[in-house]
Amino acid sequence: MLQSEKMNPSLLLITGGGFPFGNRETFLENELPIIAKHFKKVTILALHNGNGAQRSIPENCEVHSLDLSDSKKTKLKALSLVG
């Protein structure tokens, strides 16, 4: 079986510390490249307050940011973009 045939289609990774922004959840910086090899697509939903620059992520990863200070309506709209 080819490696691509074993891969799961996608993963939703919700980060409470805001990864890949800022300097929290540093363990994910090392683990994400390993995790990403097993999925065609990794969607990161970063729950944060907009602090810090985005760290590098593998090519098959995309980031959606959800600012915790946003209104409920804005949060729901952002969640509908994930997936």
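User: How many salt bridges does the rule give here?

Analyst: The general idea comes first. Side chains of opposite charge can pair when their charged atoms come close. In this predicted model, the count comes to 2 salt bridges.

User: Which side chain does E29 meet in a salt bridge?

Analyst: E29 pairs with R55, at 3.1 Å from N to O. The cut-off is 4 Å, so the pair qualifies.

User: Where do E29 and R55 lie?

Analyst: E29 is in helix α2, residues 27-36. R55 is in the loop between β2 (39-48) and β3 (61-67). The pair therefore ties together parts that are 26 residues apart in sequence.

User: Is R55 buried or exposed?

Analyst: Read the relative accessible area against the cut-off. Buried means under 20%. R55 has 13% relative accessibility, so R55 counts as buried.

User: Which residue forms a salt bridge with E62?

Analyst: That residue is K41. The closest N and O atoms of E62 and K41 are 3.6 Å apart.

User: What is the relative accessible area of E62, and what is that of K41?

Analyst: For E62 the value is 30%, which means partly exposed. For K41 the value is 27%, and K41 is partly exposed as well.

User: Let us turn to a residue in a strand. Where does A46 lie, and is A46 buried or exposed?

Analyst: A46 lies in strand β2. Its relative accessible area is 0%, so A46 is buried.

User: Which residues is A46 in contact with, leaving aside its neighbours within four places in sequence?

Analyst: A contact list shows what packs against a residue from elsewhere in the chain. For A46 the list is T15, G18, F19, P20, F21, H64, S65 and L66. There is also a C-alpha separation to read: A46 and G17 are 29 residues apart along the chain, and their C-alpha atoms are separated by 7.5 Å.

User: T15 is on that list. Where does T15 lie, and what does T15 touch?

Analyst: T15 lies in strand β1, residues 8-15. T15 is buried, at 1% relative accessibility. Not counting residues up to four places away in sequence, T15 touches E25, L28, I44, L45, A46 and L47. A46 is in that set, and A46 belongs to strand β2.

Conventions
Residues are numbered from 1 along each chain as its sequence is written. This is a predicted model: local features need pLDDT of at least 70, side-chain atom pairs count only at pLDDT 80 or more; totals for chains, interfaces and linings use all residues. Side-chain values use heavy atoms; hydrogens and water are left out. Helices (H or I, at least four residues) and strands (E, at least two) are DSSP runs, numbered from the N terminus. Buried means under 20% relative accessible area, exposed over 50%, partly exposed in between (1.4 Å probe, protein chains only). Contact means heavy atoms within 4.5 Å.
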